[in-house]
Amino acid sequence: MKWRKFGLLFCAEGQRPWLQTHASVPIGEHIADDFYRIYFSARDASNRAHTGFVVIDLQQPQTVLEVSERPVLAPGGLGMFDDSGTMATWLTQAGARRYLYYVGWNLGVTVPFRNAIGVAISDGNAPFVRYAPGAVVDRSLHEPHFCASCCVIKEGEEWHIWYVSCTGWEPHLGGPVHRYHIKYATSDDGIHWQRNGHIAIDYANENEVAISRPSVLHDADAWKMWYSHRGKGSYRIGYAESADGRHWLRQDHRSGIDVSLSGWDAEMIEYPHVFDHEGQRFMLYNGNGYGRSGFGLAVLD
C-alpha cells in the first residue's frame, strides 16, 4: 500500500467569522461526477468548533470551488453537550436520509474538555437538523470519561460504529493527559447503540496515549480501518484489518503514508477519511497542529 499525496487542499484563514482557524477531521461526500463536498471543523475567534464545507473537483483537487457561507452545524445552547463546539466526524447515507455524526465539545474544569457524539439528519438535500438536543453516545456506567470521533456504516439492517473511548486521565505537570482507544458497538437504527465495551483497536503499549478517528471500508477480502495513533510523539496514521469488523489485527507498518519532509504535514499526520471513487481509493487527512494547517488529499497508487 502506497499513497501519493496531492498536497494541501484547504486551510482556514479567516474567510468567515466561524472560519478563523483549523480545518479538522475532513469528510468527503460525493455530489456528482468528480465533484465532492468536503466537510470539516473550523474554529471561531472564541476557539469554538463549527462544521462547514468546501467543494472540490477530484480532477483538480487543489482548486476550491465553493466555501460554505454558514456552518452546517454550530455550537449548541449554553450548558448543552456541544456548547463549546460541533466537530463532524462521519457521514452515513441510509436510503434518502443522511446522518451526520459529530463530536460535541464541553470545556472542563478539572480536565480540559469532555466529548460526546451527537447526530444531525438531512432528508434528501435538506439542511442537517439535530436529531435531539442531547448526545447519542455519551459517558455511561462503564465508560465514565468521554466518547468521541466515530465511523458509522450501515449494512443491511445492522448499523456498526467504531468510536473513540477515553479510558482515563492522568495528572502531569503541564495538565491532565488523556488516554483513549477505539471501541465497537451496533444498532438497529443508528441512534440507540448496544455498547458492551468491545475494544476494536487497543493500545500497542503503555506509552501509547491516543488512537482516534477510525475510517472503515468493507472490501471483498476484509474489513479495513485507517486511524490516527500517537504515543509520546506526534500523530501518525495506522492501519488494521478484520474478518468480521469486530476483531482487528493492527498492521500500522502497512498504512503506506507518513509525514512529509517539509511543509504543512511534516510534523504530524492524522484524522484520515478513506473513500472510493471511480475505481480509485482516496484519503483526506490533516497535518500539523491537529488541523490548524488544513487538510490534504492522497490517492492509493
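K5 is partly exposed, with a relative accessible area of 28%. In this predicted model, the side chain of K5 forms a salt bridge with that of D265, at 2.9 Å from N to O. K5 belongs to strand β1 (residues 3–10) and D265 to the loop between β17 (248–250) and β18, so the bridge ties together parts that are 260 residues apart in sequence. A search of the whole structure finds 20 salt bridges.

**Salt bridges**

- Side chains of opposite charge can pair when their charged atoms come close.
- D265, the partner of K5, is buried, with a relative accessible area of 2%.
- E69 and R16 form a salt bridge in which the closest N and O atoms are 3.5 Å apart. This pair links distant parts of the chain, 53 residues apart: E69 is in the loop between β5 (60–67) and β6, and R16 is in the loop between β1 and β2.
- E69 counts as exposed because its relative accessibility is 56%, which is over the 50% cut-off. R16 has a relative accessibility of 18% and counts as buried, the limit for that class being under 20%.
- D82 and R130 also meet through their side chains in a salt bridge, at 3.0 Å from N to O. D82 lies in the loop between β5 and β6, while R130 lies in strand β9 (residues 129–130), so the pair ties together parts that are 48 residues apart in sequence.
- D82 is buried, with a relative accessible area of 0%, whereas R130 is partly exposed, at 26%.
- A network of salt bridges links D219, D221, K224, D276 and R281.

**Largest pocket**

- Rolling a probe the size of a water molecule over the atoms shows where empty space is left.
- The largest pocket holds about 700 Å³ of space. Its lining is made up of 30 residues, and those closest to the centre are R43, M87, W105, F113 and Y271.
- Strands that each supply at least two residues of this lining are β2, β6 (85–94), β7 (97–107), β8 (113–123), β10 (147–155), β12 (177–187) and β14 (210–218).
- By residue type, the lining of the largest pocket has 15 nonpolar, eleven polar and four charged residues.

**Second largest pocket**

- The second largest pocket has about 450 Å³ of space. It is lined by 18 residues, with G28, W90, L91, H273 and F275 lying nearest its centre.
- At least two lining residues of the second largest pocket come from each of β2, β6, β10, β14 and β18 (270–277).
- The lining of the second largest pocket consists of ten nonpolar, five polar and three charged residues.
- Strand β2 is among the strands that supply the lining of the largest pocket, and β2 is also among those that supply the lining of the second largest pocket.

**Nonpolar surface patch**

- I31, F35 and L65 form a nonpolar patch on the surface. Together these three residues have about 250 Å² of accessible area.
- I31 is found in strand β2 (residues 21–32).
- I31 counts as partly exposed because its relative accessibility is 38%, between the cut-offs of 20% and 50%.

Technical notes
Residues are numbered from 1 along each chain as its sequence is written. This is a predicted model: local features need pLDDT of at least 70, side-chain atom pairs count only at pLDDT 80 or more; totals for chains, interfaces and linings use all residues. Side-chain values use heavy atoms; hydrogens and water are left out. Patches are made of residues with over 30% relative accessible area and no salt bridge: like charges are joined within 9 Å, nonpolar side chains (Val, Leu, Ile, Met, Phe, Trp, Tyr) within 5 Å. Accessible areas come from the Shrake-Rupley method with a 1.4 Å probe; for residues, only the protein chains shown count as cover. A salt bridge is a side-chain nitrogen of Lys or Arg within 4 Å of a carboxyl oxygen of Asp or Glu. Helices (H or I, at least four residues) and strands (E, at least two) are DSSP runs, numbered from the N terminus. Buried means under 20% relative accessible area, exposed over 50%, partly exposed in between (1.4 Å probe, protein chains only). On a 1 Å grid over the protein atoms alone, a cavity is a set of points where a 1.4 Å probe fits but cannot get out, and a pocket is an open set with protein on both sides within 12 Å along at least five of seven lines; lining residues have an atom within 4 Å of a point. Grid points are joined across faces, edges and corners, and a volume is the space filled by probe spheres set on the points. Ala, Val, Leu, Ile, Met, Phe, Trp, Tyr, Cys and Pro count as nonpolar, Asp, Glu, Lys and Arg as charged, and the others, Gly among them, as polar.
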